[in-house]
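Hello,

Here is the structure I promised to pass on to you. Please open it first, and then read my notes below alongside it.

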Amino acid sequence: RMAAAPPSYCFVAFPPCSKDGLVVFGKNSARPRDEVQEVVYFAAADHDPGSKVECTYIEIEQVPKTHAVVLSRPSWLWGAEMGANEHGVCVANEAVVTREPASESEALLGMDLVRLGLERGATAKEALDVIVALLEEHGQGGNYYEDGSSCHTFQSAFLIVDRNEAWVLETSGKYWAAEKITEGVKCVCNQLSLTTKIDAEHPELRNYVRSQGWWNGDSDFNFSEVFSLADDHLVCCSGKESLEKQGGDVSAQAMIDVLRDKDSGVCVDSESFLTTASIVSVLSQDLSFPCVHYFTGTPDPSRSIFKPFIFVDDVKLVPKVQSPSFGNDDPAKKIPRFQEKPDRRHELYKAHEWARSLLENDQDKGQKLMRIMLELEKQGLEAMEDILTRTEVLDPAEVVDLFYDCVDTELKFFK
């Protein structure tokens with residue numbers, strides 16, 4: 001039996017389920033407990049013809065122009081677990097296990113494809129097209145974890161969202177299928193979820209599964225049934241019900257509440273896995289409004305706060321949520337890989353560790369600190385709600401330090 005995929009969850013809610021005609025996206029990234037995630041911003045850039053880009057394990061052709069992106073990523077790799085670009089596209093990935101073993105050969109990781117889709121796609125559909133073209137050309141494979149003793153490999157699923165629509169993309173090797181979503185609530189977790197409603201697919205998908213003897217061509221083609229391991233076909237998502245119960249009121253706060261819910265299993269805190277970072281994005285369907293992306297940058301959303309980021313030119317960088325860089329000396333870059341594990345904790349992560357130990361060892365002080373933090377988060381949410389509902393156009397100068405200031409304030413409270 002193959003190793004279980006880490007139980008991450010991602011969600012999207014569209015009107016009429018969401019509030020004020022907004023699209024709300026969220027993800028909890030479940031990863032090995034001790035892994036550090038950083039939040040990084042890369043400005044839009046032009047690239048010389050013929051230039052290459054070095055992903056986690058392989059180098060591929062660069063494109064002439066890449067979009068500005070903000071990413072939450074395990075700090076040892078190139079790609080991202082989740083993130084957004086300047087055009088209001090959000091992408092999250094899920095590791096999944098299918099009946100085809102994932103390749104141990106180093107290729108693109110699902111996380112690399114998240115970043116590549118964001119850097120190269122100005123809409124959700126463009127990002128999807130980018131991801132499947134790169135899968136066809138380079139394939140997916142390589143170790144998902146920073147682990148020198150064992151290779152952990154998975155196939156990938158993606159939730160790709162923009163202001164108008166979302167695509168659920170599920171893959172096995174280079175084969176894939178996708179469903180388009182424009183209303184209601186959708187949850188994607190670490191199991192395949194596509195069934196017979198398929199809006200785009202690999203041109204050879206059905207021939208391939210027929211040749212493998214997995215489908216006879218007579219019954220309806222059901223992607224999950226064809227590709228899942230026999231006992232894996234479970235209904236995945238309790239968080240979806242919580243969001244649907246909100247009626248038409250899914251907001252950033254409602255999404256944050258779902259991501260914080262340990263009882264439902266959406267907020268993972270198990271022996272092997274922890275929710276090491278979270279994101280919530282709010283996308284206005286009206287192009288004159290900005291999109292707001294909230295990142296924790298720290299583990300366990302029930303003990304973290306969501307801090308807002310808005311794309312503007314010259315947005316202030318936030319080194320305090322960036323892990324140290326080891327350049328070419330990084331054990332993740334040397335062959336054989338991962339022979340040692342450097343300390344990748346960033347300043348916010350370290351401060352947050354102290355706060356977590358306070359919560360565990362001094363209930364009163366811990367609870368008091370948490371109340372202050374949540375009040376800080378609430379002020380941020382209210383300020384963003386104001387930006388998303390006011391009539392005058394946002395002055396970029398107002399938000400150029402937004403994420404920086406929120407991280408700074410959080411650190412001050414911890415000190």
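Is lysine 240 buried, partly exposed or exposed? Lysine 240 has a relative accessibility of 26%, so it counts as partly exposed. For these words, buried means under 20% relative accessible area, exposed means over 50%, and partly exposed lies in between, with a 1.4 Å probe and protein chains only.

Before going further, a word on the basis of all this. This is a predicted model, in which local features need pLDDT of at least 70 and side-chain atom pairs count only at pLDDT 80 or more, while totals for chains, interfaces and linings use all residues. Residues are numbered from 1 along each chain as its sequence is written, and side-chain values use heavy atoms, with hydrogens and water left out.

**The whole chain**

The protein chain has nine helices and 18 strands; helices (H or I, at least four residues) and strands (E, at least two) are DSSP runs, numbered from the N terminus. The C-alpha trace spans about 60 × 50 × 50 Å along its principal axes. A compact globule of 415 residues would have a radius of gyration near 22 Å, and the 20 Å of this chain agrees with that. That radius is taken over C-alpha atoms, and the globule rule is 2.2 Å times the number of residues to the power 0.38.

Of the 415 residues, 59% count as buried. The chain exposes about 17,200 Å², and carbon and sulfur atoms supply 47% of this area; accessible areas come from the Shrake-Rupley method with a 1.4 Å probe, and for residues only the protein chains shown count as cover. Among contacts (heavy atoms within 4.5 Å) with a separation of 6 or more, 69% are between residues 24 or more positions apart.

**Salt bridges**

Side chains of opposite charge can pair when their charged atoms come close. A salt bridge here is a side-chain nitrogen of Lys or Arg within 4 Å of a carboxyl oxygen of Asp or Glu, and the count comes to 29.

Lysine 240 is in one of them: its side chain meets that of glutamate 244, at 2.9 Å from N to O. The two are four residues apart in helix H5 (residues 238-245), so about one helical turn separates them. Glutamate 244 is partly exposed too, at 38%.

Arginine 31 and glutamate 35 also pair, at 2.6 Å from N to O. Arginine 31 is buried at 1% relative accessibility, and glutamate 35 is buried at 6%.

Lysine 197 lies in the loop between strand S14 (185-188) and strand S15 (200-201), and glutamate 179 in strand S13 (residues 175-181), so the pair ties together parts 18 residues apart in sequence. Lysine 197 is partly exposed at 39%, whereas glutamate 179 is buried at 14%.

**Around histidine 67**

Where is histidine 67 placed? Histidine 67 is in the loop between strand S7 (65-66) and strand S8 (69-74), and it is buried, with a relative accessible area of 13%. Leaving aside neighbours within four places in sequence, its contacts include Phe42, Asn85, Glu86, Leu118 and Arg120. The side chain of histidine 67 also makes a polar contact with the side chain of histidine 87, at 3.2 Å. A polar contact is a pair of N or O atoms within 3.5 Å; within protein, one must be able to donate a hydrogen and the other to accept it, and residues adjacent in sequence count only if both atoms are side-chain atoms.

Best wishes
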